[in-house]
Amino acid sequence: MKPLSSPSSPSSPSSPSSPSSPSSPSSPSSPGRSAGLRVVLADDAVFLREVVAELLRGHGCDVVAQVADPAGLHGAIAALRPDIAVVDIRMPPTHHLEGLEAAVAIRRDHPDVGVLLLSQYLESHYLPALFGAGAGSIGYLLKERVAGTAVFLDAVRRVAAGGCALDPDVAALLVGGRHRRGPLDTLTDREREVLALMAEGRSNRSISDQLVLTPRTVESHVRSIFTRLGLQPQPDDHRRVLAVITYLQATGTTATRRS
């Protein structure tokens, strides 16, 4: 981990899908700044991303990449190995769980990289998958509850150093979530509907017709079900079977195959 002294040369903003390149150094950082930390920003809102980037650069951080989607985030993490990634939970293409799924993958594949999630949403369904690997090098803050730049910068420093930074409401939900009795408690009502139809043997196309949803939305719900049930990446047909088995065991029902 980088020492919090003697700032490195910050980089200029990158395009939304590619790492940034070095530029001339800024003025020296003052004591207490997050000097030397290498940061990747992931948010499809360009203006907000640039504001955060300027704030971090002003406190000695090296913003090595700015990206707008999960593919760009994964590429930047693999190529640049930053100290921390600051990630918006809802990202393209569906603005549903893409940021969360990316965060879970980063924690699995790059445990040395801290992840600080920023979101407008407080949802307990995110927490089991996010904190399943432990509470180190992870943070989850609600955007409207970040009380000033000092709070945000402190969270960046703590997560990059291997610590944890949680909004109080997130922490309360995390503690409460540990007392859940069944795996289906992590699913939203819509995801329960989708899983019930999966248990009937329906295809994604059939589910989309039944629930009047687009196929892409159904695919997003199915991915979310896999994530929330803790089913590790493997062929989707196998995860689909495991998800259905979990549903049947939790509900005490038997599978039905539609003709």
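Biologist: Which residue stands opposite L166 in β6?

Modeller: Y140 stands opposite L166. Keep in mind that this is a predicted model.

Biologist: What makes β5 and β6 a pair of strands?

Modeller: Pairing needs at least two bridges between the strands. Here 3 bridges join β5, residues 138–142, to β6, so the two count as paired, and they run parallel.

Biologist: Where does β6 stand in the sheet?

Modeller: The open sheet has 6 strands in the order β2-β1-β3-β4-β5-β6, paired in parallel. β6 (164–166) and β2 stand at its edges; each has a single partner strand, so one side of each lacks a neighbour in the sheet. From one strand to the next, the twist averages 20°.

Biologist: Now the helices. How do you know that the span of α1 agrees with its number of residues?

Modeller: Helix α1 covers 13 residues, 46–58, which at 1.5 Å a residue should span 18 Å. Its end C-alpha atoms are 18 Å apart, so the two values agree.

Biologist: Why are R49, A53, L56 and R57 called buried?

Modeller: Buried means under 20% relative accessible area, so these four residues of α1 fall below that cut-off. They cover an arc of only 95° around the axis, which puts them on the same side of α1. An α-helix has 3.6 residues a turn, so residues three or four places apart point the same way.

Biologist: What do the buried residues of α1 pack against?

Modeller: They pack against β1 (38–42), β2 (62–67) and α5 (149–160). The helix α1 lies across β1 and β2, at about 170° to β2.

Conventions
Residues numbered from 1 in each chain as written. Predicted model: local features only at pLDDT ≥ 70, side-chain atom pairs only at ≥ 80, totals over all residues. Heavy atoms only, no water. Expected span 1.5 Å × (residues − 1). Buried < 20%, exposed > 50% of the residue type's maximum accessible area, 1.4 Å probe, protein only. Arc of directions from axis to C-beta. Contact = heavy atoms within 4.5 Å. Axes fitted to C-alpha atoms, helices over the stretch in contact; angles between N-to-C directions.
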